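Here's a quick tour of one protein model, from its overall build down to a few ring contacts and a pocket. Have the viewer open as you read.

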Amino acid sequence: MNPETSGAAPGDGVTMGVEEEFLLVDPATGHPAPGFDAVCGRLPGVPGVTFVGELHPTQIEAVGGVCRTLAELRTRLTSSRSALDAAARRCGLRFAAVGVPESDAGPGTLVAAGRRAAIAERYRALVDDYHACGCHVHVGVADRDTAAAVVNHLTPWLPTLVALGANSPRHGGRDTGYASWRIVQQSRFPGFGLPPYLRSAQHAAALVARLVDAGVLLDSRMTFWLARPSVHVPTVEIRAADTAPTVDGTVLQAALGRGLVGAALDDLRRGVEVRPVEPDLGAAAVWSAARYGLDGPAVDVHTGTRIPARDMLARLLDRVAPTLRAHGDLGVVQKLLAGPHPVTAPRVSTG
């Protein structure tokens with residue numbers, strides 16, 4: 001829900017930036033705690049990272065600056081999380097790296113000022129208990145028209161990134177039966193899901209403007225697509241994954257996101273077109289990814305057939321392998337994928 005604050009500068013599919021949204025929780029109960037102001041007051045400066053608020057003071061977002069390598073990104077993410085952990089502890093709190101609160105959050109205390117107050121008024125009960133936290137990967141490209149074209153090539157792979165990044169199986173103190181309850185919560189908002197086929201940056205802006213004019217979106221910064229071209233700078237923003245419990249999980253999403261952008265740019269240079277995804281198949285693929293994560297079936301959006309989710313992940317890796325190899329990232333990604341699933345790690349900082 002934040003204004004776009006992309007960490008990636010314009011580039012050629014090399015530069016990247018990551019935004020991570022976290023919960024602040026009471027260590028005794030696990031309930032979300034409204035500690036944003038207190039925690040921010042104790043945060044030291046972290047080079048290349050800005051901490052900002054969300055709709056609820058129970059959340060905090062770490063917005064990273066431009067990185068060119070996974071090693072640089074890892075260092076920044078580690079520093080960011082370490083600083084947040086220390087500041088939260090000084091306030092008697094912990095930070096939780098999870099897609100939604102695992103315990104019963106209850107109605108939150110909205111930040112009732114400015115744009116956030118307008119969001120609260122527009123969506124009412126939808127945002128009263130909306131504490132969803134995601135991982136957003138930005139990749140720089142040459143211009144906004146290129147960004148729109150790249151999004152088209154990313155679209156078939158977004159459900160697989162949802163499945164890989166699923167990290168919110170529990171909500172309200174119970175097992176939801178879904179791998180990503182965050183995706184279910186977001187699906188309640190208008191315009192959610194896979195992006196439509198975009199003919200240009202102007203076309204993308206017109207589609208969003210139509211929803212703004214219809215009164216269902218507040219402004220052009222508020223789209224719920226799982227990937228979108230930035231309205232401010234020439235970057236592609238991928239918004240598929242829940243906040244990862246570990247730095248490894250975030251690095252993996254960033255590497256695969258940059259790899260998909262690189263593969264898309266290669267297609268565009270060779271004049272390779274991509275078929276639009278049928279809306280019903282796209283919605284089915286996103287639902288299946290949220291329901292099962294990697295441990296069940298996925299939907300192939302081009303054939304409409306059911307396929308094991310891990311087979312879709314293997315296809316994604318095949319697609320991005322040339323770009324990963326060019327960046328020197330293939331070994332890192334293979335190691336991360338071969339290890340324990342990222343969501344098996346502890347989600348809340350502990351003492």
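## Overall build

The protein has twelve helices and eleven strands, counted as DSSP runs from the N terminus (H or I of at least four residues for helices, E of at least two for strands). This is a predicted model, where local features need pLDDT of at least 70 and side-chain atom pairs pLDDT 80 or more, while totals for chains, interfaces and linings use all residues. Residues are numbered from 1 along each chain as its sequence is written, and side-chain values use heavy atoms, with hydrogens and water left out.

Along the principal axes, the C-alpha atoms fill a box of roughly 55 × 45 × 40 Å. As for burial, 58% of the 351 residues count as buried (under 20% relative accessible area with a 1.4 Å probe, protein chains only).

## Rings meeting rings

There are seven aromatic pairs in the structure (Phe, Tyr or Trp rings, the six-membered one for Trp, with centres within 6.5 Å; planes over 60 degrees apart count as edge-to-face). Take F22 and F95: their ring centres are 5.1 Å apart and the planes sit at 75°, so this pair is edge-to-face. F22 is in strand β1 (residues 16-25) and F95 in strand β4 (residues 94-96), so the contact ties together parts 73 residues apart in sequence. F22 is buried at a relative accessible area of 0%, and F95 is buried too, at 7%.

Y178 and W181 also go edge-to-face, with centres 5.4 Å apart and planes at 70°, and both residues are buried. Y178 has a charge over its face as well: R291, at 5.8 Å from the ring centre (CZ of Arg within 6 Å of that centre and within 35 degrees of the ring normal). Elsewhere, Y123, Y130, F189 and F224 make up one aromatic cluster.

## The largest pocket

The largest pocket has a volume of about 360 Å³, meaning the space filled by probe spheres set on its grid points. A pocket here is an open set of points on a 1 Å grid where a 1.4 Å probe fits, with protein on both sides within 12 Å along at least five of seven lines; lining residues have an atom within 4 Å of a point. Of the 24 lining residues, G193, L194, P279, G282 and A283 are the closest to the centre.

Which helix gives the most to the lining? That's α10, with six residues; α7 (181-186) and α10 (279-292) each supply at least two.

Technical notes:
Phe/Tyr/Trp six-rings, centres within 6.5 Å; stacked < 30°, edge-to-face > 60°. Buried < 20%, exposed > 50% of the residue type's maximum accessible area, 1.4 Å probe, protein only.
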